[in-house]
Structure formats: C-alpha cells, structure tokens
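Visitor: Could you take me through the ligand site in this structure, please? I would like a close look at the metal and its surroundings.

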Amino acid sequence: MRQRRWILVALVAGLILGQPGNVPAQDQAVKKLNPFTGNPEAITEGKRLFSLYGCPGCHGKEGGGGMGRPLLDDEWQFGSDDGTLFKLIRGEIPGQTMPDVFGKAMKDEEIWQVIAFIRTLYKGDPSRINW
Ligand code: HEC
C-alpha cells in the first residue's frame, strides 16, 4: 500500500514538472527569428515585395497557391518555422523545387518582411501556430 502511494506521488510530480509551462522561456523562443512578425509597416512592405519579386505567379496574390503551394494552410513542405521559410526563400534547402533566383536577389531584411506578410495569410488552426 505504502509503495503505491509513492508511485502516485511520483506520477503527480512528473506530471507537474513535465508541463510545457516549465520549459524555460528561452527554449520556447528559439524558433522565433523574424524581427518583423506582427509589425504592420513591415507587413505592408512585405506585401509589396511579395508582388515585386513575382511570388504571386506561383502562390497566388492571396497565397492560395497555383503552380506553387498554398501559403495559408497547415501543410508545409519543409516546416513552418521562421528559419525554414527563410532558408527556402533564400534557396538553401537541398531538394527544393522552388527557384532560388528571387531569394538570392533579396536582402535578409526583405525576406523577413515577406515572411511577416506570409504569416498574415494563414487561415489554419491558430493553436498550431509555432512561429
Ligand atoms: C516558379 C514558382 C515559384 C515562385 C515564383 C515562388 N515559389 Fe515559393 N514555392 C514554390 C514551390 C514549388 C514550393 C514547394 C516547396 C519546394 O518544393 O521547393 C514553394 C514553397 C514556398 C513556401 C513554403 C510553402 C509550403 O507549403 O511549404 C513559401 C513560404 C514560399 N514558397 C514563398 C515564396 C516567396 C516569398 C516567393 C517570392 C519571393 C516565392 N515563394 C516564389 C514555387 C514558387
């Protein structure tokens, strides 16, 4: 009987300590690289750049997709985090079929602004947002 109680205590302690809330804030922020997420001016600029660099040609003006993948759903070819999208747009993901000519011509800041704009296109489940 006594032993059972300890197992229970250990289980409860494990549950409490194992909560995501106990992960240091630093670890949770690791993926959030984009300094412009949610910044209204950067988003406006990102939208302009998105058109300027011809992204709608494959992804549609509203990101609904076409020749390229939709940018507003929960399906991401290589991942949805900032670092992955940056590398993809820059053209540095091995095996990507998206051309790298656009990203190679863009400054880092411009890529981040475009990503800030792309985030506003998302129409999926808000609880799945991990950027
Ligand atoms: C010639 C067509 C084409 C153009 C132009 C294009 N893309 Fe793509 N894009 C693709 C394809 C194809 C993929 C799917 C990933 C892969 O296989 O490389 C993709 C994937 C993406 C993704 C990830 C989508 C997902 O579901 O995983 C983002 C974000 C993206 N592109 C942004 C851009 C931006 C920003 C531009 C403009 C600078 C751009 N694309 C221009 C074809 C294109």
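Guide: Happy to, and please keep in mind that this is a predicted model. Let's start at the metal. Around the iron atom of the ligand there are 6 donor atoms, and the angles they subtend run from 84 to 179°, which makes the arrangement octahedral. The protein takes part in this through H59, by its NE2 atom, and M98, by its SD atom, which coordinate the iron at 1.9 to 2.0 Å. H59 belongs to helix α4, while M98 sits in the loop between α5 and α6 (101–105), so this pair ties together parts that are 39 residues apart in sequence.

The ligand is surrounded by 22 residues, and C55, C58, H59, T97 and M98 are the closest of them. Sorted by class, this shell holds 15 nonpolar, 5 polar and 2 charged residues.

The side chain of H59 has an N or O atom 2.8 Å from a nitrogen atom of the ligand. T97 also uses its side chain, placing an N or O atom 2.7 Å from a ligand oxygen. With Q77, a backbone N or O atom lies 2.7 Å from an oxygen atom of the ligand.

The elements giving two or more residues to the shell are α4 (56–59), α5 (82–90) and α7 (108–121). Among these, α5 provides the largest share, with 3 residues.

Terms used
Residues numbered from 1 in each chain as written. Predicted model: local features only at pLDDT ≥ 70, side-chain atom pairs only at ≥ 80, totals over all residues. Heavy atoms only, no water. Near = heavy atom within 4 Å. Polar contact = N/O pair within 3.5 Å; in protein donor to acceptor, adjacent residues only side chain to side chain. Helix = DSSP H or I, 4+ residues; strand = E, 2+ residues; numbered from the N terminus. Nonpolar A, V, L, I, M, F, W, Y, C, P; charged D, E, K, R; others polar. Donors = N, O, S within 2.8 Å, 3.2 Å for Na, K, Ca; no water. Tetrahedral: all angles 85-135°; square planar, octahedral: opposite > 155°, others 65-115°.
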